[in-house]
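The following paragraphs lead the reader through one protein structure, with attention to how its parts meet.

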Amino acid sequence: MKTLTTTEELAAFCAAAREHPYVTLDTEFLRERTYFSKLCLVQMAMPGEGDEGAVLVDPLAEGMSLEPLYELFRDTRVVKVFHAARQDLEIFQVEAGVIPEPFFDTQVAAMVCGFGEQVGYETLVKKIARSDLDKTSRFTDWSRRPLSEAQKKYALADVTHLRVIYEHLAGELEKTGRDKWVKEELAVLTDPATYEVKPSEAWKRVKTRTQSGRFMAIVRELARFREGYAKSRNIPRTRVFKDDALVELASTKPQSIEDLGRSRLLLREARRGEIAEGILAAVKTGIECPPEDMPQIDRSRDKLQVNPALADLLRVLLKAKTERVGVASKLIAPASDLDLIAAGERDVPALKGWRREVFGEDALRLCEGEIALAAKGRNVKVVEL
């Protein structure tokens, strides 16, 4: 079980990896105490069996540079294979402004190949690699050194079994011609904008019951301040103040330190100093926000009238289609998309790209009365009208 602790060792491994068609990767990181993820370990494996060609990379080792890894990421001759890669890619994009290309995510591919919705790595190891994982080290502290043998074994298994899983899924996609479907799904993950944090839009993640313009203006300013403060000090947002405290502040509109002291939900350290000053300034800005600059809540879809009978028919059609093609139904169209289609909305993901080919075209024809559904035994058939 080899651990690379120098840039030279990493460069040699990456040079060897560039002679292969793919390399599997995973990371271990911590984020509980920071705003940005702290990268603690990188696991890599070239094609092979068992631990052959597999290594652990210690980014915390003194003098270690990950530039050879980033050069490998930029090499378009080698496919970089991850499982459920969103957080992994965010780390590399934030740290180095690089996203692997070409890139393959086995979780996305597994959904397209009929393994269910957001299928876990452990499930794929059992079903495809015919093996079991020891998950006892999953929630250990990956920043502590030295790593235990159990930690190393657990970490390495995340890339050694991934080779078998990738080869199986890639073969299935080529055989069925669905590799283009996966590329469409991966476009979001490989877009740098996916990982761009905009403090001015942080308010959109806060759940509120009241949505009046003035109230939401205060929510926006409080969320903007919290995001900027947390990011600049690399601490979690919840260390500044939590969402429930933010909503309370937007409701009570504190004007002074004394007002902050009456808050039920605000952390003690947020009632004084820079955070307190930031809260009061944000509330003031929100109160004084001109009406034309207040956040605009999109209520256009609230006015749509859903035809419940048509929505039910679309659900039956979706079930029939997903059973035929073997793709997770929520990957094609969640219930909210079906309701929107039944209400006359056409700008929904289920009617675009490969989803339109699999489901969308017939969904539209069903809405227009051009086809009907009929039951034959346990199957549902599309009937031309």
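How far apart do the C-alpha centres of domain 1 and domain 3 lie? The two centres are separated by 35 Å. The protein is divided into domain 1 (2–195), domain 2 (199–293) and domain 3 (301–384), with bounds that come from an automatic or database domain assignment. The model is predicted, so that local features need pLDDT of at least 70 and side-chain atom pairs count only at pLDDT 80 or more, while totals for chains, interfaces and linings use all residues. Residues are numbered from 1 along each chain as its sequence is written, and side-chain values use heavy atoms, with hydrogens and water left out.

Ten residues of domain 1 are in contact with twelve of domain 3, contact being heavy atoms within 4.5 Å. Between these domains about 920 Å² is buried, and carbon and sulfur atoms give 57% of that area; buried area is the accessible area (1.4 Å probe) that two parts lose on being put together, summed over both. On the side of domain 1, Glu117, Trp181 and Glu185 lose the most area to domain 3, together 55% of what that side buries.

Glutamate 185 also forms a salt bridge with arginine 355, with the closest N and O atoms 2.7 Å apart. The rule (a side-chain nitrogen of Lys or Arg within 4 Å of a carboxyl oxygen of Asp or Glu) finds one salt bridge across the interface of domain 1 and domain 3.
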